[in-house]
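Biologist: I am new to this model and would like a close look at one part of it. Please go through that part and then place it in its surroundings.

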Amino acid sequence: MRLLLVEDDPRTADYVVKGLSEAGHVCDLLRDGHEALFAATRDAYDVIVVDRMLPGLDGLSMIKAVRAAGVRTPAIFLTSVGGVDDRVEGLEAGGDDYLVKPFAFSELLARINALGRRPAVQEQKTTLRIADLEMDLIQRRVTRQGQAIDLQPREFSLLEVLMRGEGRVITRTMLLEQVWDFHFDPRTSVVETHISRLRAKIDRPFEVQLIHTVRNNGYSLHD
């Protein structure tokens, strides 16, 4: 594989480059975040290995910018910043894996090989469809049987989560986290209230019900 290593510590960089070369990979080494961003968006790499603490542009910002540019090359953070919140932040920024220093090279190599075996990421969907219900994610427009349905922003987000999980049970906790960004139970009926409003617009005017309550579990959207 052709790999991009973004690491400003000379000892770590030399150690990783030597190991990857011995394993048969071609490894380009850069030590600056801005230079790495340019390379990652210009050249084709199989995997990017990036430190978080970099001169010029930090690794987190670099990966965010790479993803914003539409580049889906798998990326693994290799860093000494290893708290739970730090790992979550790295993955949410667009990283595919996270390995904390000090590390075993054999583990790094195994993770790189695993990322390299992943199938190419498919182009992001811009339209969701279930039965006769359609959601345009670009224009933020929902229709059913060709009829436009006016949704408030929170209702749109709620419906999007349900449609992306087609046929699966989406729990109340999952909805609170994904739609309201609550990581605790506010002990209110906010989910139930919005589901009721959504049903009034999505289901009630039509013959077939799409939003189903799964008793003691949550909700599921399917025909």
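In which sense do β8 and strand β9 (residues 147-149) pair, and over how many bridges?

Modeller: This is a predicted model, in which local features need pLDDT of at least 70, side-chain atom pairs count only at pLDDT 80 or more, and totals for chains, interfaces and linings use all residues. Residues are numbered from 1 along each chain as its sequence is written, and side-chain values use heavy atoms, with hydrogens and water left out.

β8 and β9 pair in the antiparallel sense, over 3 bridges. Strands (E, at least two residues) and helices (H or I, at least four) are DSSP runs numbered from the N terminus, and two strands pair if DSSP finds at least two bridges between them. Thr143 has Ala148 of β9 as its bridge partner. The two strands form a hairpin with 2 residues between them, and Gln145 in the turn has a positive phi of about 55 degrees.

β8 (residues 141-144) is also joined to β7 by 4 bridges, again running antiparallel. Here Met135 stands opposite Val142 of β8. β7 and β8 form a hairpin with 4 residues between them, where Arg140 in the turn has a positive phi of about 55 degrees.

Val142 is among the residues with the most contacts inside the largest nonpolar core, which has 29 residues; Leu159, Leu162, Leu175 and Leu221 are the others. Such a core is a set of buried Ala, Val, Leu, Ile, Met, Phe, Trp, Tyr and Cys residues joined through side-chain atoms within 4.5 Å; buried means under 20% relative accessible area (1.4 Å probe, protein chains only). Elements giving two or more residues to this core include β7 (133-136), α6 (153-164) and β12 (218-221). α6 gives the most, with 6 residues.

Conventions: Buried < 20%, exposed > 50% of the residue type's maximum accessible area, 1.4 Å probe, protein only.
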